Amino acid sequence: MSQLPYWRLSAFYFAYFGLLGAWIPYWGLYLQDLGYEAVAIGYLSSAVMATKIVAPSLWGWLADRSKRRATIIRYGSFLALLIFLGIFVRTDFWWLMLVVVGYSFFWNAVLAQFEVVTLSHLEGQYHRYSLIRVWGSVGFIATVAGIGWFLDHWPISVLPILFTLLLVAIWVSSLSVSEHRSAENEVEATSSLWSIVRKPPVIAFFVVCMLLQIAHGPYYTFFSIHLDALGYSKSTTGLLWSLGVLAEVFLFLVMHRVMAACSLRAIMLVSLLLSALRWYLIGFYADQAVVLFFAQLMHAATFGSFHAVAVELVRRYFTGFQGQGMALYSGLSFGGGGALGALLSGVLWESGAGLTFLMAVAASILALIIAWLYLRGSTVQN
């Protein structure tokens with residue numbers, strides 16, 4: 001990887017997903033500690049994902065036109081940190097909602113653009129993306145396991161301080177990376193963005209991505225609460241979150257070989273099939289440690305392999321519009337799908353974990369059917 005700023009790119013992923021590793025497993029527990037019930041937790045969790053619907057596309061449009069992607073990443077990281085400090089002022093529902101929406105509007109904007117920056121440095125060797133992105137998984141593991149242990153010894157009320165430190169790390173790491181002007185960056189768009197988006201395979205791709213994130217809704221919002229109710233300690237919960245991402249790490253290390261050997265369509269279909277199986281096992285057999293261990297290993301497929309394929313498909317579909325293409329992927333899947341998944345989970349949770357995770361199973365199966373029927377052709381074949 002000559003002339004590739006490998007460690008500077010990796011440091012940003014480490015910090016960014018380190019915050020995600022602190023936020024996703026423990027935000028719901030923090031809100032529960034504040035006295036909020038399931039529906040309110042669902043709303044406050046979905047707000048983070050809902051801003052992904054608008055923020056990445058807005059900043060992607062601005063970045064594609066200004067050609068100052070790195071500057072946008074730096075300002076977005078700093079403003080996310082600044083706004084999040086409002087959490088130390090009050091913790092009532094509407095104030096928290098304002099803080100969460102404000103900070104996540106900028107936080108969610110930067111990742112899609114950083115993905116484009118990373119790809120700009122990988123010209124001619126895109127299959128090696130996973131070897132950089134793996135450090136995001138390492139960051140997630142470090143924080144989810146470390147904070148799980150920490151919260152067994154300290155009150156969960158200190159969690160916002162840890163969030164703040166991680167936001168500082170994201171901003172500092174963003175200062176060291178600039179965008180590389182590759183030949184592909186300079187390719188002029190030969191069609192409009194709309195002419196790409198309206199193609200049936202592209203529509204199907206986004207629907208599949210959105211459905212998969214809907215399926216992740218119960219996991220991201222209530223998995224820690226689910227385990228807490230079953231008697232698992234916070235350190236054990238942290239280790240189980242870490243196990244899933246550790247499996248993802250090992251997959252990322254060999255993903256460039258998997259993508260060279262298998263078609264993108266085949267990888268996606270297997271990922272979706274394992275997704276349905278995973279949510280069924282977590283919904284009905286989480287009290288059995290061996291089954292839960294096996295289910296967590298499937299995170300390598302339900303997120304890792306699927307995301308690697310999705311990033312490559314965005315690159316192939318959106319020539320000349322990569323910033324906006326990556327923003328649409330982030331906004332419609334992690335944003336729209338994630339928010340809807342969190343909201344549905346909040347509504348269904350009072351009816352039981354089984355029913356909630358059955359919703360995730362159904363979403364995964366529907367995504368599998370759509371991918372099977374509509375994602376065909378040269379774009380998804382190697």
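Analyst: Start with Ile170, which is buried because its relative accessible area is 1%, and the cut-off for buried is under 20%. Keep in mind that this is a predicted model.

User: Where does Ile170 sit, and what does Ile170 touch?

Analyst: Ile170 is part of helix H6. Leaving out residues up to four places away in sequence, Ile170 touches Phe12, Ala15, Tyr16, Leu19, Ser77 and Trp107. Contact here means heavy atoms within 4.5 Å.

User: Why is Ser174 called buried?

Analyst: Ser174 has 2% relative accessibility, so Ser174 counts as buried. The cut-off is again under 20%. Ser174 also belongs to helix H6, which covers residues 159-174. Its contacts, not counting residues up to four places away in sequence, are Phe12, Ile73, Arg74 and Ser77.

User: What makes Leu239 exposed?

Analyst: Leu239 has 54% relative accessibility, so Leu239 counts as exposed. Exposed means over 50%. Leu239 is in helix H9, residues 234-261. In sequence, Leu239 and Ala145 are 94 residues apart, yet their C-alpha atoms lie 5.3 Å apart in space.

User: How do you know that Ile196 is buried, and which helix holds Ile196?

Analyst: The relative accessibility of Ile196 is 4%, so Ile196 counts as buried. Its helix is H7, residues 193-197. From Ile196 to Phe88, C-alpha to C-alpha, is 44 Å, and the two are 108 residues apart in sequence.

User: Now Val110. Why does Val110 get its label, and which residues is Val110 in contact with?

Analyst: Val110 has 1% relative accessibility, so Val110 counts as buried. Val110 is found in helix H4. Setting aside neighbours within four places in sequence, Val110 is in contact with Phe12, Tyr16, Ile72, Ile73, Gly76 and Ser77. Asp152 is 42 residues from Val110 along the chain, and their C-alpha atoms are separated by 32 Å.

User: What makes H4 mostly covered?

Analyst: Count its buried residues. In H4, 23 of the 29 residues are buried.

User: Why is H12 described as largely enclosed by the rest of the structure?

Analyst: In H12, 18 of the 19 residues are buried, so the rest of the structure largely encloses this helix. H12 runs over residues 299-317. From first C-alpha to last, H12 reaches 26 Å, close to the 27 Å expected at 1.5 Å a residue. H12 also has a kink of about 25 degrees, centred on His307.

User: How many helices and strands are there in the protein?

Analyst: The protein has 14 helices and 0 strands.

User: How do you know that the radius of gyration agrees with a compact globule?

Analyst: For 382 residues, a compact globule would have a radius of gyration near 21 Å; the protein has 19 Å, so the value agrees. The C-alpha trace spans about 55 × 45 × 35 Å along its principal axes. Of the 382 residues, 60% count as buried.

User: What makes the largest nonpolar core a core, and which members touch the most others?

Analyst: Its members are buried residues of nonpolar kinds, joined through side-chain atoms within 4.5 Å. This core has 137 residues, and Trp27, Trp107, Phe205, Met268 and Phe318 touch the most other members. Helix H1, residues 6-33, supplies the largest share, 17 residues. Take Met268: leaving aside neighbours within four places in sequence, its contacts are Phe205, Val208, Phe306, Val309, Leu313, Ala371 and Leu375.

User: What share of the contacts with a separation of 6 or more joins residues 24 or more positions apart?

Analyst: Such pairs account for 86% of those contacts in the protein.

Note on methods
Residues numbered from 1 in each chain as written. Predicted model: local features only at pLDDT ≥ 70, side-chain atom pairs only at ≥ 80, totals over all residues. Heavy atoms only, no water. Helix = DSSP H or I, 4+ residues; strand = E, 2+ residues; numbered from the N terminus. Expected span 1.5 Å × (residues − 1). Bend = angle between axes of the 7 residues up to and from the residue. Buried < 20%, exposed > 50% of the residue type's maximum accessible area, 1.4 Å probe, protein only. Rg over C-alpha atoms; globule rule 2.2 N^0.38 Å.
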